[in-house]
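The following paragraphs lead through selected local features of the structure shown here. Please keep the sequence at hand while reading.

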Amino acid sequence: MATTLITGGTVVTSTGRSAADVLVDGEQIVAVLAPGSVLLGTDLAASADTVIDASGKYVIPGGIDAHTHMELPFGGTAASDTFETGTRAAAWGGTTTIIDFAVQRYGEKVQDGLAAWHEKAAGNCAIDYGFHQIIGGVDADALSAMDGLIDEGVTSFKLFMAYPGVFYSDDAQVLRAMQKSAETGLLTMMHAENGPAIDVLAEQLVAQGKTDPYFHGIARAWQMEEEATHRAIMLAHLTGAPLYVVHVSAKQAVEQLAAARDRGQNVYGETCPQYLYLSLEEQLGASSEEWGAFEGSKWVCSTPLRSREERHQDHMWQALRTNDLQMVSTDHCPFCMKGQKELGRGDFRKIPNGIGGVEHRMDLLYQGVVDGHLTLERWVEVTSTTPARMFGLYGRKGVIAPGADADIVIYDPNGHTSIGVDKTHHMNMDYSAWEGYEIDGHVDTVLSRGKVVVDGNQYLGAKGDGRYLKRGLSQYLI
Ligand code: DUC
Ligand code: ZN
Ligand code: ZN
């Protein structure tokens with residue numbers, strides 16, 4: 001099999017950094033060596049089929065985005081990235097694994113939902129992929145089908161305390177699903193917002209003529225997130241289910257998670273780049289000639305953007321640093337302005353909820369290193385190593401070590417990335433939620449299972465390179 005030597009770089013893992021060469025044989029890493037090593041009399045640099053010079057650059061495990069929604073039917077339309085376009089964009093940005101959400105709704109069979117997602121993804125992905133299962137209709141059938149998920153390599157499922165009539169589970173359903181989680185070791189993932197109360201507030205706002213995108217965030221107040229997070233934690237405590245709360249954006253929700261962890265409960269949380277950088281005030285101020293105040297719909301997502309005045313963003317960075325939050329995913333759920341977001345002109349309730357960002361997570365979090373929020377090691381940990389451990393991929397993914405898949409990113413701290421729809425953007429969207437962001441670093445080279453898929457400004461990967469990952473149980477179960 002072809003060998004590749006990545007030489008001269010600084011290998012960064014979640015536990016440290018060192019000058020080292022990385023030897024890849026076929027799809028796997030076979031050695032991490034002192035620079036310029038001679039192995040059994042062989043000069044590796046002279047004998048490798050390919051040598052990649054990573055001098056002055058970081059060599060890190062490929063990013064794992066554990067929360068994406070390619071092709072998700074939602075809000076009267078469907079997320080605009082297919083598995084083909086979304087995973088290619090991910091690769092461009094240094095993400096080499098995604099975990100997407102298969103969907104089951106009321107009246108549908110869990111097995112059919114999972115099969116439909118396999119059909120969408122198989123043969124189309126640029127990088128490796130796994131699935132969580134959305135259980136959007138918790139009934140006797142679904143609960144019994146959940147027993148078979150672990151054998152399928154789907155070891156986590158998501159419930160929604162929001163979106164009545166769409167994905168919503170009431171407390172009785174949450175309780176039953178969590179009992180199943182405690183019994184089987186499936187990790188419960190929770191969208192924690194009080195959906196019924198939000199719907200009342202949203203209806204009242206619209207009745208008062210408050211229909212602009214900004215009011216989406218007003219209806220989805222932080223109290224709605226804190227209350228649901230608390231309720232999820234209590235139900236998890238009662239049942240013994242391991243709990244992972246997705247897209248945490250309110251500092252009060254973080255406080256709930258931190259308090260539960262301090263009491264010894266097995267609960268975790270992720271946040272997303274949008275909750276680290278973007279704010280409700282900026283959404284309120286957004287206006288353009290083309291869209292007027294509807295420009296703000298670009299950042300309509302749930303949970304919503306939070307107030308900068310209330311300092312939620314600072315709190316998210318701090319929580320990542322102190323491990324009150326454990327990782328960063330994107331909740332990549334892109335919709336174009338034309339034909340999709342514009343469905344909600346005149347009524348924010350009809351704006352498809354979601355932001356695209358699968359391409360920019362590694363860069364945006366690296367900027368957090370430059371800005372002093374995170375160490376280099378913590379950057380790797382929250383974007384790759386912890387996602388691998390949390391979702392049963394560690395060893396194969398999330399680490400630079402012998403035996404791991406050669407999913408490797410060579411990141412240039414002296415490079416620069418200008419984010420924008422016309423500049424660096426490969427997602428299937430007609431705008432960028434990150435327009436104008438400047439990153440003091442650059443994804444130079446990306447290897448996916450030993451194959452160079454991104455080399456500078458060239459894409460060398462192909463549709464179908466990515467394989468389905470059967471995941472093991474979370475390493476965070478106790
Ligand atoms: N939130 C979003 O913004 N989009 C998809 C689903 C979700 O929970
Ligand atoms: Zn959600
Ligand atoms: Zn989501």
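A residue is called buried when its relative accessible area is under 20%, exposed when that area is over 50%, and partly exposed in between, with a 1.4 Å probe and protein chains only. The model is predicted: local features need pLDDT of at least 70, side-chain atom pairs count only at pLDDT 80 or more, and totals for chains, interfaces and linings use all residues. Residues are numbered from 1 along each chain as its sequence is written, and side-chain values use heavy atoms, with hydrogens and water left out.

Asp128 has a relative accessible area of 1% and is therefore buried. This residue belongs to strand β14, which covers residues 128-135; helices (H or I, at least four residues) and strands (E, at least two) are DSSP runs, numbered from the N terminus. With contact taken as heavy atoms within 4.5 Å, and leaving aside residues up to four places away in sequence, the partners of Asp128 include Thr96, Thr97, Ile98, Lys397, Asp405 and Arg449. Asp465, Gly466, Arg467 and Leu469 are also among them.

Backbone geometry is the next topic. Most residues other than glycine have a negative phi, and most peptide bonds are trans. His247, which is not a glycine, has a positive phi of about 30°. His247 is located in the loop between β17 (243-245) and α9 (251-262), and its relative accessible area of 0% makes it buried.

Asp331 likewise has a positive phi, near 55°. Asp331 sits in the loop between β19 (327-328) and α13 (361-370) and, at 8% relative accessibility, is buried.

Finally, the peptide bond from Ser302 to Thr303 is cis, with omega near 0°. Thr303 lies in the loop between α11 (280-285) and α12 (312-322).

How values were computed
Chains lettered and ligands numbered in written order.
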